[in-house]
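User: Could you walk me through how to read the features of a model like this one? I'd like the general idea for each, then the case at hand.

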Amino acid sequence: GGALLLMIDPFEDMKRYITESGIALFMMDPSSVSATGELRNLTAFIRQQGAELGNDVIVDNSQMGQYLNTDASVPVVPNYPPHPITQAITSLSAYPMARSVRAMPAEGRTVSPIIETGTQSWSESDIKQLASGRLSMDSDAGDRPGPVALGVAVSARRAQAPGGSAPARDTRVVVVGDSDFV
(Lines give C-alpha, C1' and ligand atoms only; values in the text may rest on other atoms or scores of the structure.)
Protein backbone atom coordinates (compact mmCIF):
# COMPACT_ATOMS: atom_id res chain seq x y z
CA GLY A 1 0.00 0.00 0.00
CA GLY A 2 0.86 3.63 -0.33
CA ALA A 3 2.02 5.88 2.46
CA LEU A 4 0.50 9.26 3.18
CA LEU A 5 3.03 11.89 4.15
CA LEU A 6 1.50 14.86 5.93
CA MET A 7 3.47 18.07 5.89
CA ILE A 8 2.86 19.72 9.22
CA ASP A 9 4.26 23.17 9.86
CA PRO A 10 3.98 23.87 13.61
CA PHE A 11 4.91 27.54 13.11
CA GLU A 12 2.06 28.06 10.63
CA ASP A 13 -0.32 26.23 12.99
CA MET A 14 0.73 28.54 15.85
CA LYS A 15 0.26 31.66 13.69
CA ARG A 16 -3.20 30.49 12.63
CA TYR A 17 -4.21 29.71 16.23
CA ILE A 18 -3.08 33.13 17.49
CA THR A 19 -4.59 35.14 14.63
CA GLU A 20 -7.89 33.27 14.98
CA SER A 21 -8.40 34.50 18.57
CA GLY A 22 -5.78 32.48 20.37
CA ILE A 23 -3.81 33.31 23.46
CA ALA A 24 -0.02 33.05 23.66
CA LEU A 25 2.86 33.86 26.01
CA PHE A 26 6.34 34.25 24.51
CA MET A 27 9.28 34.35 26.93
CA MET A 28 12.38 35.28 24.94
CA ASP A 29 15.78 35.35 26.65
CA PRO A 30 18.54 37.62 25.32
CA SER A 31 20.50 34.56 24.24
CA SER A 32 17.67 33.60 21.88
CA VAL A 33 18.96 34.14 18.35
CA SER A 34 16.32 36.49 17.00
CA ALA A 35 17.38 38.62 14.04
CA THR A 36 18.95 35.71 12.18
CA GLY A 37 18.98 31.99 12.63
CA GLU A 38 16.23 29.63 13.62
CA LEU A 39 14.06 32.14 15.52
CA ARG A 40 13.93 34.84 12.84
CA ASN A 41 10.43 33.81 11.70
CA LEU A 42 9.14 33.86 15.27
CA THR A 43 10.80 37.25 15.88
CA ALA A 44 9.17 38.64 12.73
CA PHE A 45 5.78 37.25 13.78
CA ILE A 46 6.11 38.81 17.24
CA ARG A 47 6.96 42.15 15.57
CA GLN A 48 3.83 41.86 13.38
CA GLN A 49 1.80 41.42 16.55
CA GLY A 50 3.17 44.69 17.97
CA ALA A 51 6.21 43.78 20.07
CA GLU A 52 9.84 44.24 19.07
CA LEU A 53 12.53 42.20 20.80
CA GLY A 54 15.65 44.16 21.68
CA ASN A 55 19.06 42.79 20.79
CA ASP A 56 20.32 43.84 24.20
CA VAL A 57 20.44 43.08 27.92
CA ILE A 58 18.82 45.30 30.52
CA VAL A 59 21.13 46.70 33.20
CA ASP A 60 19.65 47.93 36.48
CA ASN A 61 21.92 50.28 38.39
CA SER A 62 19.29 51.18 40.99
CA GLN A 63 20.67 48.95 43.77
CA MET A 64 17.18 47.38 44.10
CA GLY A 65 18.84 44.03 43.45
CA GLN A 66 20.53 44.24 46.85
CA TYR A 67 17.16 43.36 48.41
CA LEU A 68 17.20 40.14 46.41
CA ASN A 69 20.94 39.46 46.63
CA THR A 70 21.53 40.07 42.90
CA ASP A 71 23.63 42.39 40.74
CA ALA A 72 22.98 44.89 37.93
CA SER A 73 22.36 42.08 35.40
CA VAL A 74 19.05 41.36 37.17
CA PRO A 75 16.56 44.19 36.65
CA VAL A 76 14.18 44.51 39.58
CA VAL A 77 10.72 45.91 38.89
CA PRO A 78 8.93 47.49 41.87
CA ASN A 79 5.94 48.96 39.97
CA TYR A 80 4.02 48.05 36.84
CA PRO A 81 2.26 50.17 34.22
CA PRO A 82 -1.53 50.04 34.63
CA HIS A 83 -2.95 46.97 32.87
CA PRO A 84 -5.43 44.22 33.84
CA ILE A 85 -2.62 41.63 33.73
CA THR A 86 -0.52 43.44 36.34
CA GLN A 87 -3.14 45.15 38.50
CA ALA A 88 -2.89 42.61 41.33
CA ILE A 89 0.93 42.47 41.48
CA THR A 90 2.14 44.22 44.62
CA SER A 91 5.64 42.85 45.13
CA LEU A 92 9.08 43.22 43.56
CA SER A 93 9.93 40.93 40.69
CA ALA A 94 13.36 40.15 39.24
CA TYR A 95 14.30 39.36 35.64
CA PRO A 96 17.77 37.74 35.39
CA MET A 97 19.53 38.61 32.11
CA ALA A 98 16.46 40.12 30.45
CA ARG A 99 16.17 41.78 27.04
CA SER A 100 14.00 44.75 26.18
CA VAL A 101 10.65 44.38 24.47
CA ARG A 102 9.23 47.52 22.86
CA ALA A 103 5.58 48.18 22.14
CA MET A 104 5.23 48.89 18.41
CA PRO A 105 2.17 50.22 16.59
CA ALA A 106 0.27 47.41 14.91
CA GLU A 107 -2.91 47.86 12.88
CA GLY A 108 -6.01 46.56 14.66
CA ARG A 109 -4.12 45.84 17.88
CA THR A 110 -3.83 47.45 21.28
CA VAL A 111 -0.22 47.23 22.46
CA SER A 112 0.75 48.14 26.02
CA PRO A 113 3.93 47.80 28.07
CA ILE A 114 3.16 45.75 31.19
CA ILE A 115 6.64 45.44 32.74
CA GLU A 116 9.04 48.40 32.94
CA THR A 117 12.26 49.01 34.80
CA GLY A 118 13.06 52.18 36.71
CA THR A 119 14.90 55.27 35.56
CA GLN A 120 18.31 53.99 36.76
CA SER A 121 18.34 51.20 34.22
CA TRP A 122 19.18 50.98 30.53
CA SER A 123 19.26 48.56 27.64
CA GLU A 124 22.88 47.58 27.03
CA SER A 125 23.56 46.80 23.38
CA ASP A 126 27.17 45.70 24.01
CA ILE A 127 26.70 42.43 25.83
CA LYS A 128 30.48 41.89 26.05
CA GLN A 129 30.71 45.07 28.14
CA LEU A 130 28.21 43.60 30.58
CA ALA A 131 30.26 40.39 30.83
CA SER A 132 33.40 42.41 31.59
CA GLY A 133 31.70 44.11 34.54
CA ARG A 134 32.32 47.63 33.17
CA LEU A 135 28.87 49.14 33.18
CA SER A 136 28.10 52.44 31.48
CA MET A 137 25.11 53.77 29.60
CA ASP A 138 26.37 54.88 26.17
CA SER A 139 23.59 56.19 23.94
CA ASP A 140 26.08 56.74 21.09
CA ALA A 141 26.69 52.97 21.07
CA GLY A 142 22.95 52.17 20.91
CA ASP A 143 22.12 51.91 24.61
CA ARG A 144 18.69 53.25 25.60
CA PRO A 145 18.07 54.89 28.99
CA GLY A 146 15.34 53.66 31.33
CA PRO A 147 12.64 53.12 32.02
CA VAL A 148 12.92 50.13 29.70
CA ALA A 149 9.98 47.87 28.87
CA LEU A 150 10.68 44.17 29.13
CA GLY A 151 7.11 42.95 28.81
CA VAL A 152 4.34 43.90 26.38
CA ALA A 153 0.70 42.83 26.09
CA VAL A 154 -1.08 42.82 22.74
CA SER A 155 -4.78 42.35 22.13
CA ALA A 156 -6.90 42.37 19.00
CA ARG A 157 -10.68 42.33 18.84
CA ARG A 158 -12.45 39.70 16.80
CA ALA A 159 -15.95 40.53 15.61
CA GLN A 160 -17.08 36.95 15.17
CA ALA A 161 -15.75 33.43 15.50
CA PRO A 162 -14.70 31.58 12.34
CA GLY A 163 -17.86 30.13 10.83
CA GLY A 164 -19.96 33.01 12.17
CA SER A 165 -21.65 31.04 14.96
CA ALA A 166 -20.74 33.12 18.01
CA PRO A 167 -18.58 36.02 19.13
CA ALA A 168 -14.93 35.02 19.32
CA ARG A 169 -12.42 35.61 22.07
CA ASP A 170 -9.99 38.44 21.56
CA THR A 171 -6.51 37.53 20.41
CA ARG A 172 -4.11 38.06 23.32
CA VAL A 173 -0.33 37.87 23.16
CA VAL A 174 2.17 38.62 25.92
CA VAL A 175 5.88 38.93 25.15
CA VAL A 176 8.44 39.01 27.99
CA GLY A 177 12.18 39.46 27.44
CA ASP A 178 13.05 36.78 30.00
CA SER A 179 12.04 33.20 30.72
CA ASP A 180 13.16 32.72 34.32
CA PHE A 181 11.73 35.69 36.19
CA VAL A 182 10.63 35.56 39.80
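User: Let's start with helix H1: where do Arg16 and Asp13 lie relative to each other?

Analyst: Both sit in helix H1 (residues 10-19), three residues apart, which is about one turn of the helix. Helices here are DSSP runs of H or I with at least four residues, strands are E runs of at least two, and both are numbered from the N terminus. A word on the source: this is a predicted model, where local features need pLDDT of at least 70 and side-chain atom pairs count only at pLDDT 80 or more, while totals for chains, interfaces and linings use all residues. Residues are numbered from 1 along each chain as its sequence is written, and side-chain values use heavy atoms, with hydrogens and water left out.

User: What does Arg16 form with Asp13?

Analyst: A salt bridge, meaning a side-chain nitrogen of Lys or Arg within 4 Å of a carboxyl oxygen of Asp or Glu. For Arg16 and Asp13, the closest N and O atoms are 2.6 Å apart.

User: Why do Arg16 and Asp13 count as partly exposed?

Analyst: The labels go by relative accessible area: buried is under 20%, exposed is over 50%, and partly exposed is in between (1.4 Å probe, protein chains only). Arg16 is partly exposed because its relative accessibility is 41%, and Asp13 gets that label because its value is 36%.

User: How many salt bridges turn up in the whole structure?

Analyst: Six. One of them pairs Glu52 with Arg47, with the closest N and O atoms 3.8 Å apart. Glu52 is partly exposed at 24%, and Arg47 is partly exposed at 40%.

User: Which residues are linked in a network of salt bridges?

Analyst: Arg157, Asp170 and Arg172. Within that group, Asp170 and Arg172 have their closest N and O atoms 3.6 Å apart. Asp170 counts as buried because its relative accessibility is 15%, whereas Arg172 is partly exposed at 44%.

User: Arg172 is also close to the centre of the second largest pocket. How should I read a pocket?

Analyst: Think of a 1 Å grid over the protein atoms alone: a pocket is an open set of points where a 1.4 Å probe fits, with protein on both sides within 12 Å along at least five of seven lines, and lining residues have an atom within 4 Å of a point. Points are joined across faces, edges and corners, and the volume is the space filled by probe spheres set on them. Here, the second largest pocket holds about 150 Å³. It has 13 lining residues, and the closest to its centre are His83, Ile85, Ala153, Val154 and Arg172.

User: Which strands each supply at least two residues of that lining?

Analyst: Strands S1 (23-27), S7 (110-116), S10 (149-156) and S11 (171-176). By type, the lining divides into eight nonpolar residues, four polar and one charged. The nonpolar class is Ala, Val, Leu, Ile, Met, Phe, Trp, Tyr, Cys and Pro; Asp, Glu, Lys and Arg are charged, and the others, Gly among them, are polar.

User: And on the surface, which residues form a nonpolar patch?

Analyst: For a nonpolar patch, take Val, Leu, Ile, Met, Phe, Trp and Tyr residues with over 30% relative accessible area and no salt bridge, and join side chains within 5 Å. Areas come from the Shrake-Rupley method with a 1.4 Å probe, and for residues only the protein chains shown count as cover. Leu25, Met27 and Phe181 form such a patch, with about 270 Å² of accessible area together. Phe181 sits in the segment after S11 and is partly exposed at 33%.

User: What about the backbone: which residues have a positive phi although they are not glycine?

Analyst: As a rule, most residues other than glycine have a negative phi, and most peptide bonds are trans. In this model, Gln63 has a positive phi of about 75°, in the loop between strand S3 (57-60) and strand S4 (76-77). Met97 has a phi near 50°, in the loop between strand S5 (93-94) and strand S6 (101-103). Gln63 is partly exposed at 45%, and Met97 is partly exposed at 35%.

User: Where is there a cis peptide bond?

Analyst: Between Gly146 and Pro147, where omega is about 5°. Pro147 lies in the loop between strand S9 (144-145) and S10.

Note on methods:
Patch = residues over 30% accessible without salt bridge, like charges linked within 9 Å, V, L, I, M, F, W, Y side chains within 5 Å.
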